[in-house]
Amino acid sequence: MDKKKTRHHYVYQRYLSAWTVNDQLWCRRKGTLFPSATINVAQMRNFYQLRPVNRDEIILTLKLFAKDSPSLQQAILRHMIAYLEPLKWQKTIHSPKEILEAEYGTNIPRSISEQLQKLKDTADIAVNNTEEEHYSDIEGESVKWLEALKAGSTSFY
């Protein structure tokens, strides 16, 4: 099973590494300067954790793409729905648990209880990791372009 990622960087570590000396980056917090590794900078616990989208956010998204074709708008909505699927998994897992608790009380058979816990853990990991992994993939793909830029080449543009 995948591990739940909680340290989500909102600034790409590779980007931060351009300002390091001996793998240390100088930071300033509340007026105090201190050295730190990039892993400890520009990150926040569960920053990319999926959150439900409300009606106003969906309307705003559609307005942003209002001049685009209806098929593109539909594709965006389908993508949003698929992307947020782990949130639905989390909710769905509670129903069988409540039914089993009504039937067995606190004596749910161990094998069933363990399977429910695995489902819950899987959903929690997906909710926490989906967006973070999406950005990690983008960042990983950008390495070749950043290396070209560092070498002074803009030929890819």
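Modeller: Start at Gly105. Just after helix 4, Gly105 takes a positive phi of about 65 degrees. Helices here are DSSP runs (H or I, at least four residues), numbered from the N terminus.

Colleague: What should I know about the source?

Modeller: This is a predicted model: local features need pLDDT of at least 70, side-chain atom pairs count only at pLDDT 80 or more, and totals for chains, interfaces and linings use all residues. Residues are numbered from 1 along each chain as its sequence is written, and side-chain values use heavy atoms, with hydrogens and water left out.

Colleague: How many residues does helix 4 have, and what does it reach end to end?

Modeller: Helix 4 has 20 residues and reaches 29 Å from first C-alpha to last. That is close to the 28 Å expected at 1.5 Å a residue, where the expected span is 1.5 Å times one less than the number of residues.

Colleague: Which residues of helix 4 are buried?

Modeller: Pro86, Leu87, Ile93 and Leu100. Buried means under 20% relative accessible area, exposed over 50%, partly exposed in between (1.4 Å probe, protein chains only).

Colleague: What covers the buried ones?

Modeller: The cover includes helix 3 and helix 5, with contact meaning heavy atoms within 4.5 Å.

Colleague: Switching to pockets. Which residues line the second largest pocket?

Modeller: Gln90, Ile93, His94 and Lys97 are among them, and so are Ser113 and Asp124. A pocket is an open set of points on a 1 Å grid over the protein atoms alone, where a 1.4 Å probe fits, with protein on both sides within 12 Å along at least five of seven lines; lining residues have an atom within 4 Å of a point.

Colleague: Which elements give two or more residues to that lining?

Modeller: Helix 4 (85-104) and helix 5. Helix 5 gives the largest share, five residues.

Colleague: And the largest pocket: which element gives the largest share of its lining?

Modeller: Helix 3, with four residues. The lining includes His79, Tyr83, Glu131 and His134.
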